[in-house]
Amino acid sequence: MVNITGIVDEIARLDALRALDMLDTPPEAEFDAIAAGARHLFGCKFAFVSLVDADRQWFKAACGLEASETPRDVSFCTHTIAADDLLVIADTRKDLRFATNPMVVETPFVRFYAGVPLRVTPPGGGAALPIGTLCVADDKPQDPTREKLEILAGMARVVEALLEARRTSKENLQLALDRAREGAPLAIAIIDLNRFKEVNDRLGHATGDKVLQVMAAKLQAVQYLGDHFIGRLGGDEFVLILRGRRTQEELVQDIARLLADLRYAVPDDCSVITVSATIGACVYGASYVDRASLLKEADEALYRAKRMQRGTAAIAGNSAHIQSLVGEPR
């Protein structure tokens with residue numbers, strides 16, 4: 001493995017990576033789409049959103065390779081992390097660093113690699129640190145144009161924005177929990193979008209991305225929620241942090257209004273796909289005092305609502321089955 005001591009702070013880098021809570025999470029459409037776009041751009045066999053852990057590189061998105069991770073000591077991306085800059089290897093067989101690498105001389109026989117570091121802000125702030133790469137590879141040598149490399153770098157910035165959004169969501173929830181322990185009110189809700197996968201499958205990821213943007217804008221715009229923060233959990237799920245004081249009855253009413261507001265009609269060729277939301281919520285209290293328990297109980301409430309009827313909501317510790325203020329399409 002390349003020695004990165006003195007180039008980046010490895011302990012802080014790993015802290016920044018693990019603070020994202022992204023390792024070993026399920027595939028997500030946004031990352032898959034970016035990797036697929038990078039592979040298409042270079043016309044190559046492989047593309048990855050790679051996160052470099054202590055002794056492995058794990059793929060948040062992978063095109064062309066079935067493995068979900070590879071050892072770090074044979075990782076090309078470790079060298080990109082060490083350089084903290086774009087790394088291009090036009091022909092691995094002509095580069096002494098890689099000519100005998102198992103990934104070169106054995107399957108998948110990598111001959112070309114280009115990777116851009118992905119940087120995130122570490123816990124507590126400070127300069128962003130490289131925690132992974134957006135990279136492409138092929139089994140044939142390639143000398144990519146500057147234009148393609150610039151586009152790859154731009155795509156990497158999009159991945160970074162997605163990662164930073166996750167980090168911000170987590171930090172906001174932790175801050176709200178700290179205040180709740182001092183007596184401030186807190187409730188969280190997990191929002192799952194119904195028929196989102198259908199939109200992606202039938203109309204493509206670009207339309208799916210628009211749906212996510214519309215729903216995020218709706219959540220940001222609602223005034224009746226008072227002091228609140230919205231973040232992405234991943235895929236088609238949002239987390240909503242409610243910091244204003246409200247009774248259980250008021251929370252039920254707010255969620256019922258939210259179910260009505262979170263409806264978006266997506267035109268199809270011959271019909272309309274109506275995307276809606278199912279919601280599970282949990283209120284901070286004696287039984288739910290930390291991030292893990294709040295999210296777990298909100299998630300269980302979400303699946304209780306799903307079992308009853310899509311487009312409805314449930315609250316942990318409350319038997320109420322919350323209906324939208326308008327009927328849910330079948």
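**View 1. Lys-170, Leu-173 and Leu-177 in helix H5 meet Arg-291, Leu-294 and Leu-295 in helix H9.** Contact here means heavy atoms within 4.5 Å. Four of the residues in this H5–H9 contact are nonpolar, none is polar and two are charged. The classes are set by residue type: Ala, Val, Leu, Ile, Met, Phe, Trp, Tyr, Cys and Pro are nonpolar, Asp, Glu, Lys and Arg are charged, and the others, Gly among them, are polar. H5 spans residues 146–180 and H9 spans residues 291–308; their axes come within 10 Å and cross at roughly 110 degrees. H5 is therefore roughly perpendicular to H9. Axes are lines fitted to C-alpha atoms, for helices over the stretch in contact, and angles between N-to-C directions run from 0 to 180 degrees. Angles under 35 degrees count as roughly parallel, over 145 as roughly antiparallel, 65 to 115 as roughly perpendicular and the rest as oblique. Helices (H or I, at least four residues) and strands (E, at least two) are DSSP runs, numbered from the N terminus.

The model is predicted: local features need pLDDT of at least 70, side-chain atom pairs count only at pLDDT 80 or more, and totals for chains, interfaces and linings use all residues. Residues are numbered from 1 along each chain as its sequence is written, and side-chain values use heavy atoms, with hydrogens and water left out.

**View 2. Helix H2 (residues 29–42) packs on H5 at an angle of about 175 degrees.** The two axes are 11 Å apart. H2 is thus roughly antiparallel to H5. From H2, the contact includes Phe-31, Ile-34 and Leu-41. From H5, Leu-152, Met-155 and Val-159 are among the residues met. By class, the H2–H5 contact has 13 nonpolar residues, one polar and three charged.

**View 3. The largest pocket holds about 740 Å³ of space.** Its lining has 27 residues, and Glu-28, Leu-233, Gly-234, Gly-235 and Glu-237 lie nearest the centre. H5, helix H6 (196–203), strand S8 (228–234), strand S9 (237–242) and H9 each give two or more residues to this lining. The pocket lining divides into 11 nonpolar, five polar and 11 charged residues. Domain 1 (4–165) and domain 2 (183–323) both contribute to the lining, so the pocket lies between them. Domain bounds come from an automatic or database domain assignment. The C-alpha centres of the two domains lie 33 Å apart. Their contact takes five residues from domain 1 and eight residues from domain 2.

**View 4. The structure holds one cavity of 30 Å³ or more.** The largest cavity has a volume of about 160 Å³. Fifteen residues line this cavity, and Phe-48, Gln-57, Phe-76, Met-103 and Val-110 are the closest to its centre. Strand S1 (46–52), S2 and strand S6 (129–138) each supply at least two lining residues. The cavity lining has 13 nonpolar, two polar and no charged residues. On a 1 Å grid over the protein atoms alone, a cavity is a set of points where a 1.4 Å probe fits but cannot get out; a pocket is an open set with protein on both sides within 12 Å along at least five of seven lines; lining residues have an atom within 4 Å of a point. Grid points are joined across faces, edges and corners, and a volume is the space filled by probe spheres set on the points.

**View 5. Gly-64 sits in the loop between strand S2 (56–63) and strand S3 (69–71).** Not counting residues up to four places away in sequence, Gly-64 touches Arg-39, Lys-45 and Phe-46.
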